[in-house]
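Have a look at the structure on the screen, and I'll talk you through a couple of spots in it.

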Amino acid sequence: MVAVPELLDRKLLFVTGKGGVGKTTISAGLALLCASRGKRTLVCEMDAKGDLASSFEVAPTSFEEREVAPNLWAMSMDPEASLRQYLALQLRLPRAAGLGPVTRMFDFVASAAPGVREIVSVGKLCWEVRERHYDMVVVDAVASGHVIGQLSAPQAINSLVQVGLVRQQTGWMLDILSDPSTCGAVMVATPEEMPVTETIELIGSLERETTVALAGVIVNRVLPELFGTREEQVFEALSAPGATGHLSAALGGEATPLLDAARWMVKTRRSRADHLGRLREALGDRGGALLVYVPYLFLRSYGLRATRQVASALSAELES
Amino acid sequence: MEALVASKEIVVVCGPGGVGKTTVAAALASMSACHQGGKVLVVTVDPARRLSQALGLGRVHSGGANRVPPEAFAAAGVTPRGELWAEMLDTKSSWDALVSRHAPDGATARRILDNSLYKNISERFVQSHDYIAVERLFELHSEGNYDLIVVDTPPTRNAVDFLLAPERMAEFFSSRLLKLLTVPYRSRLADTAARPFYYVADRVLGTKFLEDITEFFILFQTLSEGFVQRAKEVERLLADRRTTFVVVSSLETVPVREAEAFLRLLPTRGLHAGGLVLNRVLPSYMLDAALATRAEELSARAGALASELCSAGGPLAGYDPSLVERVLEELGSNFDNVTVVAKRETAQRSELSGLQAVVADVPELGEDVHDLGGVLDVGRYVWS
C-alpha cells in the first residue's frame, strides 16, 4: 500500500463532487482551516456562481484575489482574464494592444477546442503554485461531470495542438498536476445513493483519464447517531403505548411525534450508512487514509458560521 | 400536477443538480402511464445513468427506448392503463446522426465525423449535452410515437444553460468570428483589421492547430443552414403551449437560489412554468411549535421523567434510569435539531412559492428509490 500524503501537506487541491453535495462549503472550510494554521491560502471558485463569497459573507469574488480572512485570499476563475494575464506575462504583449479581438477569439475557439478554456483556468492555479505565491491553493472545482475534462486538459491539448504557446505550457503544468506530494483531488460526497455512485465512478475516471492523485474523500452532511444498542432498546420500550402515554400525559400533549422524529432520523441515517459502506468498500485499503467525515449542520443558514464549523470538524477529523 | 400533465405533450423537468430531478421525471412519467394511459416516454441525458437504477431496469440500451416491463408494475402492485418507456440519450451518437442529417453529402459528413476537433466537441463540449437533449426531444416529438414525453435535463453548471442551448447554437453559426476563422489562409494577410487577431491566435494556438480549426469550421459551416433552421424549430417547440416546464428543487439554500432564477427566467423567454416540485422536504409535523415546546420540556425534565418511568410499576420498570434519561434528552435535542432545519426550509419555501402556483411536496422518505414501487411512491406525492 502506497502511503497517502497528508491532505493539507499538498499545495494544490481540486475539490469536486456531484452537484448539490456542498462542494463550496467544504472548499471554504478547508481553505479557512489551512489559513488558520498559518498557511498563506488561496481559494478559487471555478464556476463563478457566487456561493464562495456567501461562505465567507463577503462581496462577490472576482479574478483579482482579495483577502477575506487573515491569511486567506479568495478569487473566482475567469478564463478570459486568465488568458490575458498569460499573454501579458508570456508574450509580453502590452495589455492594451491588439487584445480586443483576442477576447472574442478566445471565447469562440474555446467553445470549439476543448481544453483551451480549461488549460488557461487550471494553468493560472498551477502558476500560482509554481511561483510560490501561496502555501496552499484550494480549488472549488466544477462538478463531477466536467471536472475530468478540466484535469485532463493538458493531455487533450497535447494530442490536439502540436506547437504554440498553449502547447508549451502543458509540460510544467503536468509536472505539478502529476506530483502527488503537490497536487490532489478531493471528492465530496453525501452519504446518499447517487452521490456515492457518482463518486465511485468519478474516482475511476480520475485514475484512468488524469494524472491527478486522489487526495481525500470527504463525506459531508453525516447525520448524528442518536442511539447505541442499549439506548435503542430503551427507545423501543418508550415507543410502547404505556410509556408514550405516560410521556404525553407528563408533557401535556401528544409525545408520539417526538418519537417519530427520532425514528425518522435513525431510519434516514441507517439507509445512508449502507451507502457509506459501499464507498468504503470501493476505496478498499485506502479508505482509512482517505475518508473524512463532516457532520450535518443543524444551523439556521449557511454562511461564515457554517464555514467555521466545517473547518473545525475537518480539523478534528484530520488530526485523528 | 395531474391536470397539468394531462393537457401537455412534453414535460421538461429542470432545476439545479442533486435535487432528484431524474426521480421526479420518472415519477411523473410513471404516474401518467398508470393513471392517464397512452404511451409515455421518459428521456434522460444523465451520463451517470440514474434513471435505469431508479426504474430498476438495469442498464438501458443507449440509442433507443426500452419498455418498462409490465411485471415491474405488477411487482409494485399496480396495473397501468398505458405503457411506460424509457430512453437514455447518447450524446455522441446523437451528434453523429445530426451531422449526417445536415451534411450536404456523405463525403462531407465522413470528413466531419473523422475530424479530431469534432470528436472532442461531441464528447467533451459541455454544452453539447444541453443542445443534443433539446434536439432529441424535438425529434422524438415530431416522430409522434408517444402521447407524453417527459425529459430529465442534463446536469448543467447552471440550469439555465439548457434553455439557452438552441439560441447559442444558432449564434455560433452566425458569428463574425466563425467568418474570421473560415477565411482562406492567404486572404487573411490582406485583412488589416483582423491581423492582430490572427497574430495572437497564431502565437497562442500555433499555425497548425489554427489550420485544423479552420478546416473543421469550413466543413462545419456546410451544416449551418440545417442547424440554424433546426435550432429555431427546437426553440419554437419549447415555447409551444403543449410544452410545460416543471422545476424541481430541494429546500437547501443553494438549489433554491438557482430554482428561483429559473422560475423567473421561464416566463421572460415565453416558456410555460407549469409546476414546482419541492423534493426531500422534512415532514410538516417537525414545524409544530407546540411540539417544539414539548421537546424542550422533555430535555429539561428528562431526569425526573426517567425516574417516574423506571419506578416500580412504571412502564419502564427495570430499566436503568440514567440510560432512559439520556434517551429522553436525545429525543428532545433531536426534535430541536430537525425544527431548526424545518424552519430554514420554510423560509426557503416562501421565497419560491410566490413564484409558482402549482407546488408539490415530496417528503424526505428516509430511504432510497430503487424500484418502480419507490418511483410511484414519489409519484403519488407529486401528483396530488
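**A strand and a helix**

Okay, strand 5 of chain B: Asp152(B) there is the bridge partner of Thr44(B). Before I go on, this is a predicted model, with local features needing pLDDT of at least 70 and side-chain atom pairs counting only at pLDDT 80 or more, while totals for chains, interfaces and linings use all residues. Residues are numbered from 1 along each chain as its sequence is written, chains are lettered from A and ligands numbered from 1 in the order written, and side-chain values use heavy atoms, leaving out hydrogens and water.

Are the residues of strand 5 buried or exposed? 5 of 5 are buried, meaning under 20% relative accessible area, with exposed over 50% and partly exposed in between (1.4 Å probe, protein chains only). Leu148(B), Val150(B) and Asp152(B) point one way, Ile149(B) and Val151(B) the other.

Now helix 12 of chain A, residues 241-251: its buried residues are Ala243(A), Thr244(A), Leu247(A), Ser248(A) and Leu251(A). They share one side of the helix, because they span an arc of only 135° around the axis, taken from the directions from axis to C-beta atoms. Pro241(A) and Ala249(A), on the other side, are exposed.

Key:
Helix = DSSP H or I, 4+ residues; strand = E, 2+ residues; numbered from the N terminus. Pairing = 2+ DSSP bridges.
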